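This briefing sets out selected features of the structure shown below.

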Amino acid sequence: MASQSSQLDPVKLGLFVSRMESVCEEMGAVLQRAAFSPNIKDRLDFSCAIFDAKGELCAQAAHIPVHLGSMAYAMADIVDACEWRPGDMVVVNDPFLGGTHLPDVTVIAPCFDDAGVLQAFIANRAHHADIGASAPGSMPLSKTLEEEGVVIPPTVLVRSGVLDKGLLNAWFGDGQHGDFIAQVSANRTGLLRLSEVISALPIDFAVAVNQLQNYAEGIARRRLAELPSGSFAFTDFMDDDGFGHQQLPIAVTINLSAEGVLVDFSGSAPQVAGNINCPLSVAAAAVYYVFRCLMPDEVPVCAGLFRPISLSAPEACLLNARRPAAVAAGNVETSMRITDAVLGALAQAAPELIPAASQGTMNNIAMGGRGAGADWDYYETIAGGMGAYAGGAGLSAVQSHMTNTLNTPVESLEMHYPLRVRRYAIRIGSGGDGRYRGGDGLIREFEFMAPTQFTLLTERRRLAPWGLAGGSAGAVGKNSFNGQRLPAKVSMTAVAGDVLRIETPGGGGWGEGV
């Protein structure tokens with residue numbers, strides 16, 4: 001072992017970064033292949049990452065931005081809250097203790113070296129369509145956290161290598177719990193591979209990680225120094241919270257200086273009755289995502305990259321909610337609007353770098369049925385249009401910003417559930433006009449083949465995705481049931497033969513039309 005003062009040369013540092021990222025990618029591959037639910041194995045609604053012994057992000061795969069950014073922000077608190085032993089794994093989903101919303105369950109494993117010294121943590125987060133909420137799909141139209149399912153504080157799920165199935169049975173009833181076992185398996189793979197990386201290093205792992213963090217911080221500070229100093233403000237709005245509160249502001253002021261970036265959300269709406277509230281970790285994820293997009297492609301995504309960035313939000317506001325606020329849609333909908341607001345502010349500082357607004361919603365649909373021997377739960381997000389930018393048109397029919405999932409293939413959907421997809425098409429003309437057009441949204445029609453309860457948690461049904469530099473706004477989204485218009489957020493019951501149609505928003509256009 002080299003001395004503590006040793007450093008990796010640039011080539012070896014690059015290899016170290018690549019090997020760490022490959023550990024995360026292999027974890028994701030194991031999780032995808034071992035999982036049972038289409039939500040994980042088909043939509044890829046999961047994320048994997050490595051943290052150092054203090055809980056600072058070291059590496060991640062290119063998975064879900066809202067998962068990874070929120071873990072990067074909150075992991076240190078989880079690390080401090082637990083007593084870590086070799087062979088143990090901790091599970092958590094509590095949004096106010098390091099989670100995001102209840103369906104996103106995180107499993108964390110400590111990595112010890114041969115001498116018994118804690119070196120790092122392996123973690124993965126995956127979306128579970130059934131987390132115990134009364135509404136199928138566990139994305140209810142809720143007013144309190146308890147309505148949204150089982151709340152799991154940091155709890156030991158694996159003790160000395162043995163999975164506590166009794167704990168899972170107590171939470172979710174007797175069953176195989178295959179997706180939880182897949183998460184544990186992914187972590188075991190990550191531990192094995194990370195141990196190999198640590199053993200092969202010519203210097204201590206902690207020293208290598210510190211060098212990595214300093215390297216990423218240097219890149220970030222040089223990139224941020226290219227932006228003009230000043231204060232840039234923008235306000236965007238949430239359509240509603242599902243319980244009568246409309247046009248809720250998300251206000252942001254970004255101060256750029258030689259010392260770094262301060263992102264302040266003062267002036268944003270207070271937390272509301274509906275479930276579009278979110279913990280501060282979700283707001284941090286959106287901020288981190290936007291600034292990551294401004295960085296060079298090759299920069300390692302780790303805690304050092306975000307050191308120059310700090311954020312604040314008033315206590316008990318929409319972006320820094322207090323228990324027992326409902327948060328199911330905050331992770332998926334409010335995070336998208338935070339992204340829009342931050343981009344809107346930065347467009348004033350660097351208009352050539354920032355795109356017009358993308359669809360600004362994940363178009364969440366949760367559904368399922370309850371009956372003797374026929375219980376089922378399903379959840380998906382639906383793609384839409386991306387905003388155009390100074391270099392070209394926005395992409396059509398893609399997931400954007402805080403989500404990076406795939407669609408569920410029609411064949412998989414119809415094989416697993418009593419559903420038929422009647423139409424799946426690009427929503428032609430929904431992108432905003434301009435020199436460069438915004439991307440078009442999608443049309444997705446479901447026919448129910450059996451009695452089903454469904455919930456929609458959607459946005460941009462009233463307030464359109466904005467254009468930039470004279471470009472027009474994209475079209476708002478539309479929800480309809482048997483031809484009748486539905487609100488943005490609603491829970492209903494369908495019978496066989498009923499048809500639900502989702503038309504997702506287009507992206508904003510960029511520049512005045514030629």
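Ser6 is found in the segment before H1. The model is predicted, and in it Ser6 counts as buried, because its relative accessibility of 18% falls under 20%. Leaving aside residues up to four places away in sequence, Ser6 touches Ile203 and Val207.

**Ser195**

- Ser195 lies in helix H5, a helix that spans residues 178-200.
- With a relative accessible area of 28%, Ser195 is partly exposed.
- Between Ser195 and Val495 there are 53 Å in space, C-alpha to C-alpha, and the two residues are 300 residues apart in sequence.

**Aromatic pairs and a charge over a ring**

- The count of aromatic pairs comes to eleven.
- One of them joins Phe16 and Phe205, whose ring centres are 6.1 Å apart and therefore within the 6.5 Å limit for a pair.
- The planes of these two rings stand at 75°, which is over 60 degrees, so the pair of Phe16 and Phe205 is edge-to-face.
- This pair links distant parts of the chain, as Phe16 belongs to helix H1 (residues 10-34) and Phe205 to helix H6 (residues 205-224), 189 residues apart.
- Phe16 is buried, with a relative accessible area of 3%, and Phe205 likewise counts as buried at 3% relative accessibility.
- One aromatic cluster is formed by Trp171, Phe172 and Phe180.
- Arg444 places its charged end over the ring of Tyr424, at 4.3 Å from the ring centre.

**The largest pocket**

- The largest pocket holds about 730 Å³ of space.
- It is lined by 27 residues, of which Asp130, His177, Gly178, Asp179 and Asp377 are the closest to its centre.
- Helix H2 (38-41), helix H4 (165-172), helix H5 (178-200) and strand E13 (376-380) each contribute at least two residues to the lining of the largest pocket.
- Strand E13 provides the largest share of that lining, with four residues.
- By class, eleven residues of the lining of the largest pocket are nonpolar, ten are polar and six are charged.

**Cavities**

- The structure contains two cavities of 30 Å³ or more.
- Helix H3 (65-81) and helix H9 (330-349) each supply at least two residues of the lining of the largest cavity.
- The lining of the largest cavity divides by class into six nonpolar, seven polar and three charged residues.
- For the second largest cavity the volume is about 40 Å³.
- The residues that line the second largest cavity are Glu380, Thr381, Ile382, Ala383, Asn407, Thr408, Tyr424 and Arg444.
- By class, this second lining has three nonpolar, three polar and two charged residues.
- Tyr424 and Arg444, listed in the lining of the second largest cavity, are the residues in which the charged end of Arg444 sits over the ring of Tyr424.

Key:
Residues numbered from 1 in each chain as written. Predicted model: local features only at pLDDT ≥ 70, side-chain atom pairs only at ≥ 80, totals over all residues. Heavy atoms only, no water. Phe/Tyr/Trp six-rings, centres within 6.5 Å; stacked < 30°, edge-to-face > 60°. Buried < 20%, exposed > 50% of the residue type's maximum accessible area, 1.4 Å probe, protein only. Lys NZ or Arg CZ within 6 Å of the ring centre and 35° of its normal. 1 Å grid on protein atoms, 1.4 Å probe; cavity = no way out; pocket = protein on both sides within 12 Å on 5 of 7 lines; lining within 4 Å. Points joined across faces, edges and corners; volume = space filled by probe spheres on them. Nonpolar A, V, L, I, M, F, W, Y, C, P; charged D, E, K, R; others polar. Contact = heavy atoms within 4.5 Å.
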